[in-house]
Amino acid sequence: MFWVTKFSGFFAAAMVMIVLSPSLQSFPPAEAIRSSHLESYLRFPSQVTNNIPLNRFSFRKAPLFRNADECASNNKRICDPSLVHVAITLDVEYLRGSIAAVHSILHHSRCPESVFFHFLVSETNLETVVRSTFPELKFKIYYFNPERVRKIISTSVRQALEQPLNYARNYLADLLEPCVNRVIYLDSDIVVVDDIAKLWRTNLGKKTIGAPEYCHANFTKYFTKSFWSEPRFSGTFSGRNACYFNTGVMVIDLQKWRRVGYTKRIEKWMDIQKVNRIYELGSLPPYLLVFAGHVAPIEHRWNQHGLGGDNVRGSCRDLHPGPVSLLHWSGSGKPWIRLDSKKPCPLDSLWAPYDLYGFSSVNSS
Ligand SMILES: *[C@@H]1O[C@H](CO)[C@@H](O)[C@H](O)[C@H]1NC(C)=O
């Protein structure tokens with residue numbers, strides 16, 4: 001299943017077309033008027049041509065995206081019930097990814113003006129970057145105080161997983177405006193290639209969160225031996241058909257979350273981890289502990305994860321079989337780093353069209 005990085009350009013492009021074609025057919029009608037964009041799937045963005053030095057906050061202005069006729073007219077008020085709410089973190093390291101994610105969502109939405117973004121930040125004021133890149137975006141910035149989690153974060157296998165902002169998703173129910181009752185949480189290393197409103201309409205039934213589940217994955221490996229050998233810990237999974245799910249794409253019923261107080265339950269496991277070392281990863285295992293087996297299933301097309309590769313250099317991942325609505329570069333490799341280093345994986349070319357970093361004229365208005 002691993003692709004070697006050294007693919008001939010043509011073959012890679014051909015493969016990309018093949019793997020993508022099922023999802024292209026299922027794109028909403030709006031896609032017809034944007035079909036010229038398909039060509040850019042197959043093209044790397046032209047790199048900066050002039051000598052102006054780039055800083056990490058240099059982004060081109062995105063085109064304006066307008067609602068189709070049938071969209072509910074909405075005002076700018078955050079509590080408008082017709083809005084689709086999306087939460088994403090913004091930090092200096094992953095800013096380029098977050099900006100591309102927002103761009104991809106707007107691009108594929110039938111009603112882009114009906115999407116409201118909730119940005120979670122811990123450092124630097126990034127509001128001006130968002131405002132200048134997306135002049136008409138509906139959004140609000142929330143400050144997440146890293147001190148809130150600093151003392152309950154334990155070391156994990158990858159340093160990137162220890163960033164306090166990774167844990168901000170645990171606090172969405174507290175941070176977001178109380179009138180926001182549902183939110184889609186998305187990681188920064190994703191692009192959406194379908195209408196986000198479809199994900200928004202997920203039926204959660206009686207469940208608090210929805211996510212694609214992976215019941216064939218070996219659940220055992222997400223926890224340590226000492227977890228499994230201690231019934232007062234592992235007993236939490238008894239009678240629960242617990243399956244792995246990825247926390248990078250979740251639909252969350254915030255009302256239910258607030259009512260039950262899931263944040264406290266997650267923090268309880270993080271406290272246990274500080275003393276007992278029950279898992280090795282970062283923010284994910286507490287979610288498995290609290291929610292696995294109680295997750296509303298979402299189609300796998302909404303989280304084609306693992307594209308970052310799970311190894312050191314040179315490991316490129318293939319898509320999982322089936323249609324694609326969201327691509328997720330989870331794992332240690334990120335497409336913007338690989339594209340910049342001129343050693344991209346074949347599927348990184350699917351991320352590139354949404355990149356707004358730099359001064360080149362591709363996609364700018
Ligand atoms: C699942 O993972 C555990 C721990 O890594 C391992 O001991 C076990 O053999 C694995 N089970 C299967 C079915 O692969």
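Me: Is tryptophan 228 buried, partly exposed or exposed?
Reply: This is a predicted model, and in it tryptophan 228 is partly exposed, with a relative accessible area of 31%.

Me: And phenylalanine 223, buried or exposed?
Reply: Phenylalanine 223 counts as buried, at 6% relative accessibility, because the cut-off for buried is under 20%.

Me: How are the rings of phenylalanine 223 and tryptophan 228 arranged?
Reply: Their centres are 6.0 Å apart and their planes sit at 85°, so the pair is edge-to-face. Ring pairs also tie both into a cluster with Phe219, Phe227, Phe233, Phe237 and Trp269.

Me: What lies over the face of tryptophan 269?
Reply: That's lysine 268, at 4.9 Å from the ring centre.

Me: Nice. How many aromatic pairs are there?
Reply: The count is 25 aromatic pairs. One of them is phenylalanine 144 with tyrosine 171: with centres 5.5 Å apart and planes at 35°, the pair is tilted. These two are 27 residues apart and link distant parts of the chain, and both are buried.

Me: Switching to strands: how many residues of S3 are buried?
Reply: Seven of the seven, residues 115-121, so strand S3 is largely enclosed by the rest of the structure. Val115, Phe117, Phe119 and Val121 point one way, while Phe116, His118 and Leu120 point the other way.

Me: Which strands does S3 pair with?
Reply: S2 runs parallel to S3, joined by six bridges, and S4 also pairs with S3 in the parallel sense over six bridges. For instance, valine 86 has phenylalanine 117 as its bridge partner, and leucine 120 has tyrosine 142.

Note on methods
Residues are numbered from 1 along each chain as its sequence is written. This is a predicted model: local features need pLDDT of at least 70, side-chain atom pairs count only at pLDDT 80 or more; totals for chains, interfaces and linings use all residues. Side-chain values use heavy atoms; hydrogens and water are left out. Rings of Phe, Tyr and Trp (its six-membered ring) pair if their centres lie within 6.5 Å; planes under 30 degrees apart count as stacked, over 60 as edge-to-face and the rest as tilted. Helices (H or I, at least four residues) and strands (E, at least two) are DSSP runs, numbered from the N terminus. Buried means under 20% relative accessible area, exposed over 50%, partly exposed in between (1.4 Å probe, protein chains only). A charge sits over a ring if NZ of Lys or CZ of Arg is within 6 Å of the ring centre and within 35 degrees of the ring normal. Two strands pair if DSSP finds at least two bridges between them.
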